[in-house]
Amino acid sequence: MQVVDEEVLHVPIIDISALVGKTGESPSLLDATRSRNFRFSNTETLRDRHTVATQIRQACQEFGFFYIIGHGVNEQLQARLEQLSQQFFAQDLETKLEMRMALGGRAWRGYFPVGNELTSGTPDLKEGIYFGAELEENHPLVQANTPMHGRNLFPSKIPQFKETVLEYIESMTKLGHTLMTGIALSLGLQESYFADRYTKDPLILFRIFNYPPHPLPSEDKYSWGVGEHTDYGVLTILKQDDIGGLQVKSQSGWIDAPPIEPI
């Protein structure tokens, strides 16, 4: 893929703390050394929220992607999830297949090995686990055998894996609602527009992927962890590790999207 000069163009970084913080309060989930107990007035909060909305609109129109900081997601939770995920993928294949997706049924949950997902007909060089909202067997949607609704599969030999994943899903769901508020404002709509009409009870799909090392491509053959694609659904929130490799396609071409330090 031909990449645009990163000195010329880069994915925007947007501080969404004005969306996270409530009127009359400091951004409650931000580090205290950053917030400094600063209290917004109603006018300042409204102005800041619309500033963030303008930045989101510009980023979506030009890139379709943007980094977020000031989101308030617990850093210890993020670190714990990454450590437990690495522990899971380090297991032998037979152990990982004990929670294979075939056991998840129509709920579409569980583990898949390297090469079992395709992008444009080409196997991806990745393995992963699918999760979603944890629903009991007596839930009406589960009783109706609704696709992508049901119980998750979790590894039996990794303590705190289940609890960490479910806590992270809850945190990401809250963040998703926050971002949809900003997107609504960016379109000149009431901030509750999407929540009132579409996303009050969203369909949640959470995936953890691992990209094992693979040989460098030859001159006539390229190998990708995942090839060019567009995600389905309304909103994707993506967290990278510190290895990188992600690229996004803007109106101007492909751009490297390296991991950034948390702020």
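1. Does E228 count as buried, partly exposed or exposed? In this predicted model, E228 counts as partly exposed, its relative accessibility being 45%. The side chain of E228 forms a salt bridge with K249, and the closest N and O atoms of the two are 3.4 Å apart. This pair links distant parts of the chain, since E228 sits in the loop between strand 7 (205-210) and strand 8 (247-250), while K249 belongs to strand 8, 21 residues apart. K249 is likewise partly exposed, with a relative accessible area of 43%.

2. Salt bridges that share partners also occur here, and they join E117, D124 and K126 into one network. The count for the structure comes to eight salt bridges.

3. Among them is the pair R80 and E167, whose closest N and O atoms are 3.1 Å apart. R80 is partly exposed at 31% relative accessibility, and E167 is partly exposed at 36%.

4. A further salt bridge brings together the side chains of E136 and R151, at 3.2 Å from N to O. Here both partners come from loops: E136 from the one between strand 6 (127-132) and helix 6 (140-143), and R151 from the one between helix 6 and helix 7, so that the pair links distant parts of the chain, 15 residues apart. E136 has a relative accessible area of 45% and is partly exposed, and R151, at 29% relative accessibility, also counts as partly exposed.

Notes:
Residues numbered from 1 in each chain as written. Predicted model: local features only at pLDDT ≥ 70, side-chain atom pairs only at ≥ 80, totals over all residues. Heavy atoms only, no water. Salt bridge = Lys/Arg side-chain N within 4 Å of Asp/Glu carboxyl O. Buried < 20%, exposed > 50% of the residue type's maximum accessible area, 1.4 Å probe, protein only. Helix = DSSP H or I, 4+ residues; strand = E, 2+ residues; numbered from the N terminus.
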